[in-house]
Every structure is written in structure tokens, then in C-alpha cells.
Amino acid sequence: MKTRLALLVVLLAIGGVLPARALGTSGPAVPTPTLTDPPAGVRGFPLWDSYYDLKPFGYTEHEYLVSGTATNAEGATAPYTTRIIVTRPASPSAFNGTVVLDWVNVTAQFENAVDTMEAREMLMREGFAYVHVSAQQAGLCCTPLTPQVWDPVRYASLHHPGDDWSFDLFSQVAQLFRNGPLSSRVRHVLAVGQSQSGSRLYDYVNTWLPSHPNAVGLVDGFLVHGAASSTKTFDQPLPSGIRVLQLLSDLEADPSPVTPQPGYRVWEVAGTAHSDYFIGYQSVFGHGPRVLTGAAKVDRAAYGAIIDAAGNYGAEITPLLATCTVAGATMPMHYATSAAIHDLDQWVAGKPAPPAGPRFEFDASGALAKDQYGNAMGGIRLPPIDVPVARYETTVCGLGGITVPFTDPEIHALYPTHADYVARMQARTDAAVAGGWLLPPDATDLMRRVCDASNRWSTPPAAACAAA
């Protein structure tokens with residue numbers, strides 16, 4: 001009764017049910033798994049829930065246990081129970097109709113929702129629903145920061161048969177939002193994943209969908225982010241209607257050609273690391289206290305302070321700039337991730353395809369070429385790479401990187417006054433917006449940070465900042 005009541009509340013809150021989408025594919029439909037509410041457990045809240053209060057943003061979240069029977073590539077079946085955390089606008093009228101499924105990363109042997117953490121500002125301002133999907137076995141057990149160890153009572157029923165079954169499991173989660181009990185008002189479903197998760201999504205598109213046509217159409221578009229193991233091509237044409245945008249950092253740079261397809265785009269973002277400061281800072285100072293000590297969710301002001309610090313692009317000096325992997329690399333990939341998901345959503349809705357990104361440049365040895373400041377050449381160039389105040393050492397820590405700020409004399413030699421710096425950043429920011437690499441609200445956020453960097457100069461702050 002409790003589960004059915006919870007589902008009824010979700011359906012009523014979201015609004016009227018739209019007709020189920022016809023997939024137009026052969027074979028039996030992908031099964032719809034069952035949903036139940038987890039018990040309160042020892043902790044009383046989900047692992048990796050929002051670390052800040054969602055209500056001031058007009059959002060709410062709900063964790064479900066998801067149970068069904070999955071099939072692997074060889075046709076063997078296995079029962080499973082995993083979990084999802086659904087974060088959505090509290091008001092039906094605020095929902096834009098798109099659900100983003102985040103295949104959360106488990107490389108660290110616990111779950112990390114990289115893409116929805118990076119793009120969360122955009123997701124909330126544009127009315128997306130986004131979902132933490134525990135698709136892989138390592139995310140559920142058995143280290144201290146996995147659900148079954150962190151709260152063995154709340155998550156006692158979880159059971160994952162292994163990653164061979166993760167593709168069908170993920171398809172069944174998508175089915176919940178496409179034709180199942182969570183499909184109300186849903187028009188489009190996107191899937192995003194970074195690093196290992198990006199590789200899994202690449203394999204899902206490249207190998208699983210061609211052999212499982214009944215799953216085609218459950219997900220409209222894929223963001224394959226930082227998947228170093230994948231290539232910039234597919235073994236066969238993408239299924240009709242599928243859109244894929246591949247987002248790459250310096251670590252994944254290689255000179256292999258992109259095989260063009262109508263539904264495929266590649267964005268290579270210069271100066272970005274595989275793992276960056278924006279994620280690391282939120283993980284330590286946002287999720288850390290809640291997960292490790294049970295701290296209450298922070299209020300909107302405290303959340304804003306965390307995001308302000310996390311968005312440092314190297315203009316503000318802090319010891320964390322030299323902290324590998326946990327923080328370190330500050331080139332703002334989160335702006336590119338937000339633009340990529342925004343553009344992918346527009347693309348699957350029938351709007352024009354996003355532009356194809358310019359490619360990285362390479363030296364005679366085949367290594368990523370560097371400019372006079374030691375930063376990557378070519379690729380999509382966000383404003384801090386063309387108007388630099390730091391060197392972005394993006395590959396010195398394996399999956400992470402560090403930021404080496406320029407000294408004040410070095411900065412003053414490049415930009416004699418704060419006004420000079422603001423003018424040059426404004427020009428490059430305007431160009432990035434015009435090129436489609438930076439969303440206008442993120443451009444405003446970046447220029448606010450540029451104004452805040454006035455303490456690096458002894459001259460007065462730029463008049464443009466005072467006017468703003």
C-alpha cells in the first residue's frame with residue numbers, strides 16, 4: 001500500500017499522463033521493473049542525496065528501489081534490485097519534459113554523479129528532472145561509501161547480478177520514464193555518464209542497441225563524457241533518431257579522426273582535466289559532511305557559497321589548486337557540460353544539431369600541443385584558456401590535474417589593469433556564447449567571477465563591474 005500510495009503521489013504531482021511513446025522496434029517490449037520505497041534505515045536518508053535543501057529551488061527528490069529481471073548479452077537472466085534517486089521540479093508546470101538519467105561513476109568504488117553535479121545549475125534553472133541511476137555492481141557494495149555498507153538496513157534488499165546485466169537494467173530504468181509509472185509528462189529521456197560511465201554508455205550505443213532493437217527509443221540522446229576507452233566512431237550507423245554528443249578533456253586527446261554521422265558530435269574542451277575542481281570541491285565540502293557525519297542539508301546561502309568556491313577557475317589562489325584529483329584542475333568543464341546537455345536536449349526535440357567542435361592540436365610527436373603558457377592548443381576554447389591567469393596542468397595526476405596560478409607580476413604584464421582583463425574576458429565570453437560553447441546564464445556567472453578577481457590588481461576594479 002505504501003508503495004502504491006507513493007507512486008500515486010508522484011503521478012498526481014507531476015500531472016496528467018501522456019500517451020506512451022511507440023518505439024517502432026521489433027521484439028518484446030523492455031520489461032517495466034517494480035518500484036518500492038526503501039525503509040528509513042539507520043541513517044534516515046539516501047546515500048548521495050542532495051547535500052543542499054532543494055525546496056528553495058522549487059525541486060524535490062525521492063529514492064526508489066527498482067526490482068526486476070535483467071538479461072545479459074548471452075541471454076542469461078538474473079533478478080536484481082537496485083536504486084534510483086529522482087530529482088524533479090516540485091511543480092508540474094516547471095518541468096520541461098526531459099529526464100536526464102545519470103549512469104553514475106563507480107571508478108572510486110563508490111558512486112559519483114559527475115555530469116548532473118556539473119550541470120546542476122543549468123538543470124534546475126531549465127526545469128529538467130534528473131536521476132541518479134545505480135547501474136553498476138561496485139556502486140552498491142562493498143566499501144564504506146556504498147549503500148549496503150553505509151546503511152545495511154535501508155539497503156538490505158539490494159542485489160546486483162554483475163555488470164554484464166547492467167545494460168538491460170539501465171534500459172528497464174529508462175522504461176520507467178518512457179512508458180512506466182514515472183512517465184507522466186515526459187517527452188524526452190537523455191542518458192549521461194562520465195569516464196567509466198561514459199565508456200559504458202558508448203558500449204550501450206555501439207553494441208547493445210544494435211542487438212537489442214526493442215531498447216531503441218527508450219533513450220533519445222546520450223552524453224558520452226570523458227570516455228578514454230571509446231573511439232570517435234561507431235561500428236555501424238546510429239539507430240534512427242538517436243543523438244550522441246561526446247565530450248572530451250585534455251586527458252582523452254588523441255589525433256584519431258572523427259567518423260562523421262548525422263546524429264553524432266564531438267566536443268574537445270581545451271585545458272580541462274578528466275576530474276576537476278568543481279566536482280572535487282562539492283564532493284568534499286558538500287556531500288562529505290552529510291555522508292560522513294549525517295549533517296543536515298545546507299541552506300540556499302551555504303549552497304551558493306560552496307558553488308562560488310567550486311567555480312574558481314584559477315583567478316583566486318587557494319592551496320586546493322595544487323591538490324591532485326580531489327580538486328586541483330579548475331578550467332570550468334561544468335560550463336561545457338551544461339551547454340552539451342542543453343544542446344543535446346534541443347537536438348532530440350528537433351532543433352538544429354549543435355556545432356561540431358574544433359579539434360585539439362598536436363605536435364610532431366603526436367602529443368597534445370601547448371601554447372606559450374603551457375596550456376592546450378586547439379579544441380573548444382572557453383574564455384579562461386584564451387585570456388589566461390593560470391597554467392592548467394591537466395594530466396599530471398592521471399585522472400586529475402592541478403592549476404598553477406600566474407603570479408601578480410605575470411598577470412599585470414599581460415593585463416595592466418583589472419579593466420583590461422575584464423574587457424578581454426568579456427570579448428572572449430561573448431565569442432564563446434556566439435559560438436555555442438557557453439550558455440548566456442553561465443557567461444553571466446563567469447563574468448561575475450572575473451569581476452571578483454579584482455583583488456589581483458592594485459588598480460581600481462573595472463567600472464563595468466561596478467555598473468553590473
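The questions below concern pockets, salt bridges and a surface patch in a predicted model. Local features need pLDDT of at least 70 and side-chain atom pairs pLDDT 80 or more, while totals for chains, interfaces and linings use all residues. Residues are numbered from 1 along each chain as its sequence is written, and side-chain values use heavy atoms, without hydrogens or water.

Q: Which helix gives the most to the lining of the largest pocket?
A: The largest pocket has a volume of about 830 Å³. A pocket is an open set of points on a 1 Å grid over the protein atoms alone where a 1.4 Å probe fits, with protein on both sides within 12 Å along at least five of seven lines; lining residues have an atom within 4 Å of a point. β3 (77–89), α2 (114–118), β5 (129–133) and α7 (277–293) each supply at least two lining residues. With eight residues, the top contributor is α7.

Q: How many charged residues are in the lining of the second largest pocket?
A: This pocket holds about 330 Å³ of space. Of its 19 lining residues, those closest to the centre are E121, R125, Y303, I307 and D445. Asp, Glu, Lys and Arg count as charged. Beside seven nonpolar and three polar residues, the number of charged ones is nine.

Q: Are R449 and D445 buried or exposed?
A: Their side chains meet in a salt bridge of 3.0 Å, N to O. Being four residues apart in helix α13, R449 and D445 are separated by about one helical turn. Buried means under 20% relative accessible area, exposed over 50%, and partly exposed in between, with a 1.4 Å probe and protein chains only. By that rule R449 and D445 are both buried.

Q: What is the relative accessible area of F285?
A: V284, F285 and V326 make a nonpolar surface patch of about 240 Å². Patch residues have over 30% relative accessible area and no salt bridge, with like charges joined within 9 Å and nonpolar side chains within 5 Å. F285, in helix α7, is partly exposed, and its relative accessible area is 40%.

Note on methods:
Points joined across faces, edges and corners; volume = space filled by probe spheres on them. Areas by Shrake-Rupley, 256 points an atom, 1.4 Å probe, with all protein chains shown as cover. Salt bridge = Lys/Arg side-chain N within 4 Å of Asp/Glu carboxyl O.
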